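Dear colleague,

Please find the structure below, together with its sequence.

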Amino acid sequence: MKVGDLSYRSVWRDGDSVRIIDQTRLPYEFHALSLRSCEQVANAIRTMQVRGAPLIGAVAAYGLALALRHDASDGTLTAALDMLADTRPTAVNLRWSLNRMLRQLSPLDPAVRVDAAWTEAGRIADEDTELNRSIGNHGLPVIRDVAKNNEIVNVLTHCNAGWLATVDYGTALAPIYLAHDEGIRVHVWVDETRPRSQGFLTAWELSAHGVPYTLIADNAGGHLMQRGQVDLVIVGADRVTREGHVCNKIGTYLKALAAKQSGVPFYAAVPSPTIDWSIDDAFSDIPIEERSGDEIRFVQGIDRNGQISRVAVGTDEMRVANPAFDVTPAELITGIITEVGVIPATRDGLASIAGK
Ligand code: MRU
């Protein structure tokens, strides 16, 4: 996607290093960072300089390539894989991508592993771009349908499932960009998404593309839906089970409940690497990341000197819980927008795309 006049992806290879956009500095500063070691990649994922399920997977694959540069032995491969796999537990794309890299690299002679690792990481990144482009194409008719009867299509989204969360285009935002590009008057209600405020990333992206949006507090969505000001909800996902339950950023479930109550269609946009076919019980088997309480005790912004800084909004002695994801039951979901089409959030719906 474009930033000013330049086209960017959210990760790319630059010689012997990997470049990412530091998302902890957005929306205040646009800064591309160079990562030169697997440790730096693991740190960037852990601290959420890169985030979003598909992007985490792609960046981790590049992390393995960096790890093998000086020593491509089995030992280094396994150690790097373990280090990266430990960074963030919920998005299944991380494990999917590391397993794919392992399958590709482990049978190879160490002498050829580095080149093969760069190639495979590049393929994962390219494929992600194509998956999201297809999700956009399949999601577009959903927006077109609403546009037949409405002058403006109001879409609510949660977190950031745009190009910053993927390699390019995004998942939930991909159909929105296409609708806007073909002249549909689409307006996006952007949930702020406390505590990490990924909504600011969504607002930044939409604004860069010229898509009208309004940033709202997380608690406002139900009210807007009740008043008929939301035509549909589209969110991304970090892990989807074969029964169609969708694990996504904390707060997604509440939006789905409100949408059901108000008769607002609720869609999840999901590329196939986000489906975890092995999970039996979505409500107990998906590891839900518990993040630092400081994400709730502090907020980040720009100080009087124009510097990014943090201020405390709580005190050290306050007890805080910070689960980062929740699971939306399949029965609250109108449809899952995948790279091969929109499917029902049911066992049969998911089975219909298995292996495609
Ligand atoms: O904690 P984050 O910012 O990595 O969480 C991101 C989300 O929950 C996104 O909605 C999800 O990864 C889908 S991104 C296309």
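Ser197 counts as buried at 13% relative accessibility, where buried means under 20% relative accessible area, exposed means over 50% and partly exposed lies in between, calculated with a 1.4 Å probe on protein chains only. Ser197 lies in the loop between β7 and α7, and its phi is near 55°, a positive value in a residue other than glycine. Helices (H or I, at least four residues) and strands (E, at least two) are DSSP runs, numbered from the N terminus.

Please note that this is a predicted model, in which local features need pLDDT of at least 70, side-chain atom pairs count only at pLDDT 80 or more, and totals for chains, interfaces and linings use all residues. Residues are numbered from 1 along each chain as its sequence is written, and side-chain values use heavy atoms, with hydrogens and water left out.

Most residues other than glycine have a negative phi, and most peptide bonds are trans. Tyr169 also has a positive phi, near 70°. The loop that holds Tyr169 runs between β6 (153-157) and α6 (174-181). Tyr169 is partly exposed, with a relative accessible area of 24%.

Two peptide bonds are cis. Arg194 and Pro195 are joined by one, with omega about 5°; Pro195 is in the loop between β7 (186-191) and α7 (198-209). The bond from Leu26 to Pro27 is also cis, with omega near 10°, and Pro27 is found in the loop between β4 (17-21) and β5 (32-35).

Asn132 is buried, with a relative accessible area of 0%. Apart from neighbours within four places in sequence, Asn132 is in contact (heavy atoms within 4.5 Å) with Thr166, Val167, Asp168, Tyr169, Gly170, Thr171, Ala174 and Pro271. Ala174 is also one of the buried residues of α6, the others being Pro175, Ile176, Tyr177 and Ala179. The elements that cover these buried residues include α5 (110-149), β6, β7 and α7. After α6 comes Gly183, with a positive phi near 95°.

Next, a pair of helices. The axes of α2 (residues 53-68) and α3 (residues 74-85) come within 10 Å and cross at roughly 145°; such axes are lines fitted to C-alpha atoms, for helices over the stretch in contact, and angles run from 0 to 180 degrees between N-to-C directions. In this pair, Ala60, Gly63, Leu64, Ala67 and Leu68 of α2 meet Thr76, Leu77, Ala80, Leu81 and Leu84 of α3. The residues of this contact comprise eight nonpolar, two polar and no charged. Here Ala, Val, Leu, Ile, Met, Phe, Trp, Tyr, Cys and Pro count as nonpolar, Asp, Glu, Lys and Arg as charged, and the others, Gly among them, as polar.

Finally, the domains. The domain assignment gives domain 1 (2-128) and domain 2 (135-351), with bounds that come from an automatic or database assignment. Their centres, taken over C-alpha atoms, are separated by 24 Å. In the contact, 34 residues of domain 1 meet 36 residues of domain 2. The two domains bury about 2900 Å² between them, 57% of it on carbon and sulfur atoms; buried area is the accessible area (1.4 Å probe) that two parts lose on being put together, summed over both. Tyr28, Arg51 and Thr90 supply 23% of the area that domain 1 buries against domain 2, more than any other three residues.

Yours sincerely
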